[in-house]
Amino acid sequence: EVEKIWITITSLGLTESRITSDETIQQLFVECRLNNFLAEETPLSLPKPTGGQRIHYNYSTVINVDKEVNHAKREYLKSILLKPDLLADSIKFTVVSDPPEDKQDLECEDIGFASVSWKEIFQKQRDIIDQDIDVFDSQDANTVIGKLTVTVEALHALRSVHKECRNY
């Protein structure tokens, strides 16, 4: 049985902030990053949601963490469970502004960050299912600019990796 981690990016809603009032920010996509192993992004950029609306990505990705093929990813998960103070202990979600078609000279710009902690999933022994997580402003880490609804199903894989840790 191949152990897997499922990540789903369901939807995004923004609260009033510099992002909602910024005319140059029109289309948004979300990147999901697992340390240095993996960066996936929603295939679509969607128009920026306004006034309490949400945009729906319904994007899912699967990360295989079996011993045979994906040894490095397993070792990474092990290191998180063994070293609680590791900085890279979360899945990072980045909300990115995609320049409009007529302004292709503009760069993609990171406008917000959200994260899910592996350790928290393991400590609470609970996957994160359709949970709203805070998106923080990339220019001010104390300001919440919206909510991202995500699912991270990793408990089974983390338990399996943890069993191996005990053999060290």
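The structure is a predicted model, in which local features need pLDDT of at least 70, side-chain atom pairs count only at pLDDT 80 or more, and totals for chains, interfaces and linings use all residues. Residues are numbered from 1 along each chain as its sequence is written, and side-chain values use heavy atoms, with hydrogens and water left out. The predictor's confidence in each residue, pLDDT, runs from 0 to 100. Its mean over the chain is 89, with 95% of the residues at 70 or more. Strand β8 (residues 128-137) has the highest confidence at 97, and helix α2 (residues 71-82) the lowest, at a mean of 86.

Now for the fold. Helices (H or I, at least four residues) and strands (E, at least two) are DSSP runs, numbered from the N terminus. The chain has four helices and nine strands, arranged in sequence as β-α-β-β-β-β-α-β-β-α-β-β-α. Its radius of gyration is 17 Å, close to the 15 Å that the globule rule gives for 168 residues, so the chain is as compact as a globular protein of that length. That radius is taken over C-alpha atoms, and the rule is 2.2 Å times the number of residues to the power 0.38. Along its principal axes, the C-alpha trace spans about 55 × 30 × 25 Å.

Turning inward, 46% of the 168 residues are buried, meaning under 20% relative accessible area with a 1.4 Å probe and protein chains only.

Take a look at T42, in the loop between β3 (38-41) and β4 (46-47). T42 is buried, with a relative accessible area of 3%. Leaving aside residues up to four places away in sequence, T42 touches I9, F29, V30, Y57 and Y59.

Finally, visit helix α4 (residues 155-165), where L155, A157, L158, S160, V161, E164 and C165 are buried. An α-helix has 3.6 residues a turn, so residues three or four places apart point the same way. The buried residues of α4 pack against β1 (4-14), α2, α3 (118-124) and β9 (140-153).

How values were computed:
Buried means under 20% relative accessible area, exposed over 50%, partly exposed in between (1.4 Å probe, protein chains only). Contact means heavy atoms within 4.5 Å.
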